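Work through the exercises below with the sequence and the model in view. Each task is followed by its solution in steps.

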Amino acid sequence: MIVYHGSCEVIDKPDTQHSYRNLDFGKGFYVTSIREQAERWARRKADLFNGKAIVTQYQMSNDTNGFSVKSFSEDLSEWIDFVCACRDGDLLYQRYDVIIGKVANDKVFRVVDMYKSGIWDKEKAIQEIRAYSNYDQIAFISQRAIDELLRYENYFEV
């Protein structure tokens, strides 16, 4: 499967060391199977850091035998609790090598925030999340998973 990473630089040797904050699935190296999404991430980072918008492309192996993989698919109830915990600094994500699921983009993150703060209950939050476009993210938590499952292919500027 082809996956993409949006950034301000070419990442031909991804690692887990440069993840600097707790994201949806904790600290790790994030990619998506959706090119348009990676391009948006790259443009956002370029704007923030006054750099070039670069998308790096990888081939991701489907053979995840021997790895601990968490996939949320359509289970938004478990997903929203997991994202809230990770963004609060919980280390439960470290149980996995790879985590796959929906993205808490700007609109979805507002819903997550409403849920976290207790303004909306889980049912209302999940109902709102379902109204937004589906985007995916794959977080590589362990370096071994990156080294064995991702192969750099090329990059392009957007």
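**Exercise 1. Describe the largest nonpolar core and find the elements that build it.**

Step 1. The largest nonpolar core has 24 residues; such a core is a set of buried Ala, Val, Leu, Ile, Met, Phe, Trp, Tyr and Cys residues joined through side-chain atoms within 4.5 Å. Buried means under 20% relative accessible area, exposed over 50%, and partly exposed in between (1.4 Å probe, protein chains only).

Step 2. The residues with the most contacts inside this core are Phe25, Trp79, Ile80, Phe82, Ile99, Val112 and Ile129.

Step 3. Two or more residues each come from helix H2 (76-87), helix H3 (106-116) and helix H4 (122-129). H2 gives the most, with eight residues. Helices (H or I, at least four residues) and strands (E, at least two) are DSSP runs, numbered from the N terminus.

Step 4. Take Ile80 as an example: leaving aside neighbours within four places in sequence, Ile80 is in contact (heavy atoms within 4.5 Å) with Val112, Tyr115, Lys122, Ala125 and Ile129.

Step 5. Another core, of 14 residues, lies apart from the largest one; among its members are Ile11, Val31, Tyr58 and Leu150.

The model is predicted: local features need pLDDT of at least 70 and side-chain atom pairs count only at pLDDT 80 or more, while totals for chains, interfaces and linings use all residues. Residues are numbered from 1 along each chain as its sequence is written, and side-chain values use heavy atoms, with hydrogens and water left out.

**Exercise 2. Give the strand order of the open sheet and explain its edges.**

Step 1. The three strands are ordered E1-E3-E7, with antiparallel pairing; two strands pair if DSSP finds at least two bridges between them.

Step 2. Strand E1 (2-7) and strand E7 (150-157) each have a single partner strand, so one side of each has no neighbour in the sheet.

Step 3. E3 (residues 54-60) pairs with E7 over seven bridges. Within E7, Phe156 is the bridge partner of Val55.

**Exercise 3. Locate Thr32 and decide whether Thr32 is buried or exposed.**

Step 1. Thr32 sits in the loop between strand E2 (29-31) and H1.

Step 2. Its relative accessibility is 0%, so Thr32 counts as buried.

Step 3. Not counting residues up to four places away in sequence, Thr32 touches Val3, Tyr4, Gln37, Ala38, Trp41 and Asp136.

**Exercise 4. Count the disulfides.**

Step 1. A disulfide is a pair of cysteine sulfur atoms within 2.5 Å. The count is zero.

Step 2. For Cys84, the nearest cysteine sulfur is that of Cys86, 9.6 Å away.
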